[in-house]
Each structure stands twice: as C-alpha cells, then as structure tokens.
Amino acid sequence: MTAVASRPVTSERRPEPAVNRPAGWRRARRFVLPLGGLLVALAFLAPYLVMVLDALRPSSDVLDSPPTLLPRHWQLGTFGTVLGQDSFRNWLKTSLLVAGSSTAIVLVASVPAAYITARFRFPGRSAFLLLVLITQMFSPTSLVVGIYREFFEANLVNSYFAIILTNAAFNLAFAVWILHGFFTGIPQDVEEAAELDGCSRVGTLWRVMLPLTRPGLVTAVIFTFIAAWNEYVVALTLMVDDAKKPLTVGINSYVTGYSQHWDQLFAASIIAIVPVVILFAAIEKYLVGGLTAGSVK
Amino acid sequence: MPANAPRRKPGRRGRLPFWTALLWLSPALVLIAGVVAYPVVELVKASLGTYSITGLRTGSAGLGNFAKVLHHPDLGTVLRNTAEWVVLVVAITIVLSLGLAQFLSKQFFGRRVVRWAIIVPWAASLVITARLFTLLFDFYHGLIDRVLVALHVLPHPVDFLGDDHWTMPSMIVVGVFVSLPFTCYVLLAGLAAIPDDVYEAARIDGARPWQLYRQVTLPLLRPALLVASVLNIIYVFNSFPIVYTLNDRNPGFRHDTSITFMYKLAFKSAEHSVGMSAAAGVFNVLGILVVVLAYLKLVSWREAVR
Amino acid sequence: MALKRTALLGGAMAALVGLAGCGGGTGSSSSGGNGGNGGKQVSSIKLVAAEYSADHTKAFWDQFAKTYKQKYGIDLNVQIISWDDIAQQSTTMVQNNNAPDILNINYYSSYAKDNLLYSADDVLPSSVQSDLLDSFKISGTFNDKLYGFPDLSSARALFYNKTLFQRAGISAPPTNWNDFEADAKKITALGGGVVGYAEPLGPEEAQAEFSIWTFNNGGTWQDDSGHWTINSDRNVQTLQFLKKLAVTDKVTQNNPGKTNRTDGAFPLFENNKAGMIVGFGPLSAQLDKDKKVNYGIAPMPYQNVSGPQTYGVTDYLDAFKKPGNQQAVKDFYELYYQPDQVNTWIKSEGFLPVTKSGLQVFSSDAALKVYIDTLPNIHLTPNQDPTWDKVLLAVQQQIGAAVAPNGDPKKVLDTLQQTAQAGG
C-alpha cells in the first residue's frame, strides 16, 4: 500500500475500474453524467450567482420584496466602482500579503517538523503530535483577547507581522498532520538510496523527499491560504489602520446600521473569491492525491 | 542493503537524539508556543477573574465564573443545540460527500469545471456566505421562500430564521453547504487511492455495484472518512459566523451553540462578563478535546495513523 | 525511558507557558506608546471612532486629524470600527489596559463608574460646556459630574407613506393611538403584501422602539429620583399595545420580536411595503437618495400626555485618563466642538446637533423642523446610570419575546425590572 501513496495520485490518470453494470448504462452515462455535473455545479454556485446579480442592481433593490432573481433595474458599474476604491485595493493587497506570507511560513515550519516525526523516532514524538492535534482544536474566537494582549505587549498591534504569525500558527497543525501522513507513506528505500549517495539529512529532505510529497504540500498550501484569506476575528482585533485591514474586515464598512451599500458589499465579496479560485484552479490537479495521505498506508 | 539489516517499522528510519529533533521542530514549536500557548494562558487567567462591564479587571473570582456558567439557565438549550448542530452537520456532510465524491471520481465531460464550482463555498469567507444566506432565507426579501412557494414545495412562505422550528434546520443547511467542498475532496482523494486490482478481483468474484460499494469501497475509505470526520467535528464545533449571523435577529440564546454562547456572554447578553465568557471558552476547549479524543479512541486512531 | 523524555518535554512546555504567564502580569503599566510619567506630555493620542457610514466617517476623522496636528502639533491616530464590533473591541482594549484616549461609543457611565474617564472640568472648555444642550448635559452627568460628551444626536419620528395613505383613504397621519391602530388596519387591508406598521423589536435597537412608544404614553425607564420604573402600568400598557398590533390586529410585519431595522423594517418601508415606521435622519437620507417612496414625517401619536414626545439618542466621545494626555484631550474637544467641525460632520452624516449654536445652524433646514423643534425637550434613555448599560442589553435580548403570540408583556417587564434593581 505504501507504493500507492508515493506517486501523485489523481483520478485523471486512472482508468475507470470495470464493474458489472447493465450495457445500456454505458451509453446513457455520456449524457447523464455531464447533466448531473451541471446540476451539482449549479447547486454549489447558485447562492453566489444570486450574489453576483445582487451586485448588479441598486442597493435598495437588493432587499425588495417580493424578491426577483434578475434585477428589475440593472446597475452595471458596481464592480468597477469597488475596484476603483483606494480602500478596497488596500484591503485586497493586505489579504494577498497576509495569506501568501502565512502560507509560506506554514510550509517552512511544518515541513521539517512533519519530516522528522514521520521518519524518525525520538523522545517526545507522540507528545508533539498530540500537541499538534490539540492546537487544531482552538478557535481563535475564544483566544482573541489573549492574542491581542501578547501582540500589544510586543508592540506589534497593527502590524502585518502579527496577523501573519497568528494565521501561520493556527494553521500549522493541519499542515503538519497532512505532511506527516505523506512523509510516512514514502518507502524507506528511497531515503536509504539517497543516503547511500551521500546526502545529508537536509539534502535528503530537500532533493528527494519533498518532490514526492508534492500533493501534500499543495494541500497544505490550499488549506492555509483559504484559512488565512478568510480569517476575520483576529484581523479585526489587531489591525487598526483602514489600509491594513484585510478584505474580510474591510468589506463590513459597506453596510452599517446607518448607511447600506449592499451592491458594493456583494461586488467586493465576489471579487474576494476570485484569487482563491485562481489559486485553486492552478494547483487543483495535485490536490486529490494530497488529502488522505495522512491515513493511507 | 546488507542481508542481515535489522527489520524496522515501515517508513521510519531510526532514533534521533532529543536535541536534534528539537532543532527540526523548533520553527513549529516557536510558533505554537508563542502564538497559541500564550493566549491559552490568558484565557485561563481571564476565566479566574471578575471584570466590570467595561472590561476592567476588578479582582479574582476563583472558580466563580465556572459555577455561574454551569448554573446559567440557558446552558441546557445551548448544549442541546451544539450537539444537534455538530452531529447533524457532520453526518449529513459526510453522507452527501460520499455520494458526490463517487460521482466526481468518474470521468465525464465537464468534470473539471464541476470540480472548480464545488470549491466556491469553501473559497468564500464564512461571514459573507452567512450574510448571503440571511438574505436568502428572509421571509420578505428572501429568494428561497419565493422559489419554494412557486414550485409548490411550500404552501406559503416560511419564516426560516425567525420561526423556532425552522432556525436550526436553516443553520444546518448552511453548515452542510460550506462543509461539503473540502469533505468531498478528502473523500475523492481517498477514492483515488484505492487500487484497481481490488475492484478487478471483486468483479471477477461477481460482485454487484452496491455490494462492491459496501464491502470494498467503504472499508478502504475508512482512513479518509476518519480525516474528514475529525476535521469536520472540530471545524463545525468552532464555527462562529454561521450561527451568529443567522441568529442576528433572534433575541436570547434559543439557537446558540457553545461558541456563540461564549461570545454573547462577553458582549451581547445582560451578563456582559468577560470572566464568564472565558470560563465558557475553557469549557469549550475541554469539550471539543474530549469529544475528539473519544471519537479517535472509538475508531482506533492509532492503527490507522502511524 | 520514553515516558521520562515525554515528561521532560511536557515540563519544558509548562515552563514556557509559565513564563508567558509572568510576562502577562507586568505589561499592564505601559499604555500603548503614550509615554510620560507625571508631567510629561504625550506626542500622540488615539481615537477609536465608530463607523456611521463608509462615505463620511473616515473622511471626516482623517481631515480632522490633519487639522488637529496642524493646530496643536500632536498626532491623532484614528481607528475606525464598525458599530457591530466596537463594543467587543473596546472591551478587549480596556481588558488589556490599552484603552484609547478618546472612544466614540454609545455609553459612558460604566467607564465613569470605574474611574476611567476625565470629567468636563478636566477637559471640556467652559465655552463648550455652556453651549451643550441641557438635555444632553443632564443625560451625560454621573455623580454630579459631566462625563458623557455627546458627538451627535438623532431623534425619531413617525415616517409615513403618502401613497399608501392616499390609497387607504387616510387624509392625515394619526395623532393618537386609536387613530394609529385604525390607520394601520386600513393600510393592511390594501393587501398585496403591504403592512400597516413595521415594528422592529429585534435585538438591534429594541430599546429605541419601545422607548419612543412608551414616552408617548407617559411611561419612563426611571423616575426623577433614579428608581427604576420598568414595569410601571404605563410601560406594560405600551408593550401590550405593541403586542396587540402584532398578534391581534396583525397590522405589523411577520415576527416583530425578531425583526431588526437595517435588514428587516427599513427595507419594507423603503420598498413601499409598510405604511408607517419609526424613522430618523439616516433613513430620510436613504429615502431621498433612492427616490422610491413618497414619504412624510410626522410627530408620534400620543396618549396620556400633553403632546407628542420625542425620543432621542446620542453617542459619546469618552475621554480616558492616561498619563500625560490631559492637555491633548482638551485640545481635541476644543477643536471638535468648533461649529465648522462638529456641525459639518453632523450634517454630512444626516444627524442632529448637540449644541445650542448648532441648533441655530440647523434650524434653517425645513426638512429637519420636526426634530429641531423638539430637540431641547428630548427624552433619552437613562445613560447616566451605569446599571443601564447592562439593562440595555437585557432589554435587547428579552423584550422581543413579549410580542410573540405566546408572549407575556407584564412578565417580561417584571423580569427586566428585577434585573435592573439587582444592579444589572
């Protein structure tokens, strides 16, 4: 079973396992499956399509009753308006910076830790893995006051550094867990061969092991990026300047108790989804192999 | 390799001295100790203090906050809601994801696009999705009522967010919706890792599709199901935006889970007590810890993960 | 062996955690960069401001900070937080002994009670003190000292839909409760998803809705000596009336106890689906912008009192005591209450003035006449009582239940009275 996990596994490359099915099905499936796919895609996209349509109508029409799917009056300029706002662009830049940096730090911290715990035995190994699991369970909502305090003591409130570190720390556990499983699945011979060739431990990791864990790395990247991109409570508490707020916090400004711009809120939210989808589309084919390497032996 | 090399555990090389290991672990440890451990300590300290409504610490409370939380009249409701919320969202998500993953593991035209479409609820922030659904579920300006009445599924509009019978189901729908994407991918990966020979062998034995699924696929998916369920339990338990936003218009604690209960104790309820909230926070962490560890024990974690 | 090492690792972690605990205790003295022991003056102060609107709040404070720096040479750091989050954020800051120098929020007396604030004698120029409207000064006074400095005010009035009134054959807005009930029934009878009155008693601002109705029935939150009168007969009568509108007459929108203004009541009125609603300045601004509703503003219908009563709300700019910031804070208020500062901002946000001089400036605006005339005699909630800060939350969380079909107005008010008397 270790052999299975060692190559990047994707469904694309595998032939369909032949199973006993009635003959007619094989002909119908060419139409039925894509149709099913369309329905599934629509089911997942439907609310967000509504959001797009809400961004394309005047704000006061959004909460009109009875509601209509298509706008009664179209207002096409909102996306442009939002993209043209300095404040919005700043929030977008902050989100990109924070999510990107957190992901990078998570990789730097989790790869050595996962490698070591997967491939070697040492005292405290189980304790570390348990610690990682426990860390996974804390919700930043309950810890936000303490987080604020410690960065305030370190005079780091309102610094990018603070939220980048926080996002990295809270997503570390998942990355370690995933990579750990992946490293475990690599057969010993690969490593021993590298050592015979004179590689140091670090060299082995860098040149031999890492490439084989690409799906795991990609998984960790996607999870961390999304988690950091959508983080709200800690960013709200730590970031003071409007320009340094990420998108999640910034777009709250569009709708207050006193003035509501639902159209801009939704336009901004749609734009906020785009970078994540782009990232995902770029690395998606590695993802499928990554997620269960923690448990497949 | 020398013929008499000692047999080792699969995949693991050998022992490391403690300090070498520590070096490799240090970036991770520094992050955890620095950023996660300190706030945990602060949380515990806060739970042991009395605070004025302004947030000013006015003294020590001993275990008083914990007692107050345990004696809170709405605690039973909150715990019931939490159990309902976690169990139903996780169970429904897993069942639906099994089907979805099975579907997406088949080759068909347009599969790539469908896979991208599934990612969107995950890519969007929970706060935004929750706000969107608050609009969609509204009695007057919500599309869901309009569509369901037009399709004659409902005889007349339902107050999804305000009617006490419908609030939890509405929350669960949203919870499942945002949990499906990544669960689906976890199971998809699990399916992909099952080798073909297994199916071949079963087919030769004359297995029918449903038998195949129950006796071959599901057991081999066990590791993936484990990952999916543990992650889901943790994420759903800790999920704040959905429960909070959908209940924004509902007074009291009637539909709150333990996470929103904790938040409201500090800022929105008449108690307005940071100390009580911190105590609830400590209970929350202990609670989820117990649940996950029990669950792992139940499914014999140690065998599945080495 | 492994066990021993694990214990060692555990011990190391515990030590780390213990060290973290040590660090936490000593950090409380420094208050976020405001330097100064004793007489040393600060070089910058921090303002945490609530966000009234995306369009105006930030723009105003940024400009204000520039002017402030030019005039006094001190940096003004501005942090804007949405109203939804400001209570949580300010509590977190205070909890960590990092309160801002000036906090714009909707209460003050709890801070004053905790001895965290400067009083007017310390930081408010006397010209400003005498210029503040008396009703706000009284409301802002705790223990005989003025701590609550108002930033702006809003008043509520009855908004009605002229088109729907015409269709229902109503010639003028109602002036007493019986007429109000009758008019609401006529409008609801028009059908087509229209309701007579949009009644928001959800947690967002339930206290405002209840306040304006009960003030117009002779009810009060407290009597003149500061005793709570929450479950007075007049209050119970008011709440019973609101329940009647919802449950018996069915002239309100669905589920008033769970409707907020922003995404519930206001949208109905803004889309011609509600005949009447209690509204304020920002709602007019929105209606004027959208031009969808032909609306009018009238005084509230009243009974058992001599004339229509106005309910007003003011938010505060609380001044926190911190070493060396007294002069800087005083300068802030001196600048803020300059007519060209405070009134310009109030005007752009669509609110009402808080000073007598401001009253002069705004009285020329015909659209605001309804509010301006009653502003000097405005009713406010008992913000000067620190217990109110907790009672407010209880009201928001509990009063909606009274107008449900199985709601019990008397019981709800009795419970609130008990909460208030117990000190919150």
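Is Asn155(A) exposed or buried, and how many C-beta neighbours does Asn155(A) have inside 10 Å? In this predicted model, Asn155(A) counts as exposed, because 12 C-beta neighbours fall inside 10 Å and a residue with 12 or fewer is placed in that class. The residue sits in the loop that links helix H7 (140-153) and helix H8 (160-185) of chain A. Its backbone also deserves a look: Asn155(A) is not a glycine, yet its phi is positive, at about 60°.

Chain A as a whole is described by a few totals. Its secondary structure consists of 14 helices and one strand. The chain has 297 residues, of which 55% count as buried. Among its contacts with a separation of 6 or more, 79% are between residues 24 or more positions apart. One further backbone feature of chain A is a cis peptide bond, which runs from Ser65(A) to Pro66(A) and has omega near -5°. Pro66(A) belongs to the loop between helix H3 (59-62) and helix H4 (78-84) of chain A.

The next topic is the interface of chains B and C. Here 30 residues of chain B are in contact with 38 residues of chain C. On the chain B side, the elements that give two or more residues are helix H1 (18-47) and helix H12 (258-267). H1(B) supplies the largest share of that side, with seven residues. Sorted by class, the chain B side comprises 15 nonpolar, nine polar and six charged residues.

Within chain C, the domain assignment gives two segments to each domain: domain 1 covers 44-154 + 313-377, and domain 2 covers 157-309 + 385-421. Their C-alpha centres are 28 Å apart. Eleven residues from domain 1 of chain C and twelve residues from domain 2 of chain C take part in the contact. On the domain 1 side, helix H4 (109-113) and helix H17 (369-374) of chain C are the elements that give two or more residues. H4(C) contributes three residues, the largest share of that side. The classes on the domain 1 side are six nonpolar, four polar and one charged.

Strand E3 (residues 102-105) of chain C can be followed from both of its partners. Strand E1 (residues 44-51) of chain C runs parallel to E3(C) and is joined to it by two bridges, and Leu47(C) stands opposite Ile102(C). With strand E11 (residues 312-319) of chain C, E3(C) pairs in the antiparallel sense over four bridges. The bridge partner of Ile102(C) in E11(C) is Ala319(C). Which way do the residues of E3(C) point? Ile102(C) and Asn104(C) point one way, whereas Leu103(C) and Ile105(C) point the other way, and all of these are buried.

The other sheet is an open one of four strands, also with mixed pairing, in the order E8-E9-E7-E10 (chain C). Its edge strands are strand E8 (195-198) and strand E10 (295-298) of chain C, each of which pairs on one side only. The twist here averages 20° from one strand to the next. Inside this sheet, strand E7 (residues 157-161) and strand E9 (residues 274-279) of chain C are antiparallel and share four bridges. One pair that can be picked out is Leu158(C) with Val278(C), its bridge partner in E9(C).

Note on methods: Residues numbered from 1 in each chain as written. Chains lettered and ligands numbered in written order. Predicted model: local features only at pLDDT ≥ 70, side-chain atom pairs only at ≥ 80, totals over all residues. Contact = placed C-beta atoms within 7 Å. Nonpolar A, V, L, I, M, F, W, Y, C, P; charged D, E, K, R; others polar. Buried ≥ 20, exposed ≤ 12 C-beta atoms within 10 Å, placed from the backbone. Pairing = 2+ DSSP bridges. Axes fitted to C-alpha atoms, helices over the stretch in contact; angles between N-to-C directions. Domains from an automatic or database assignment.
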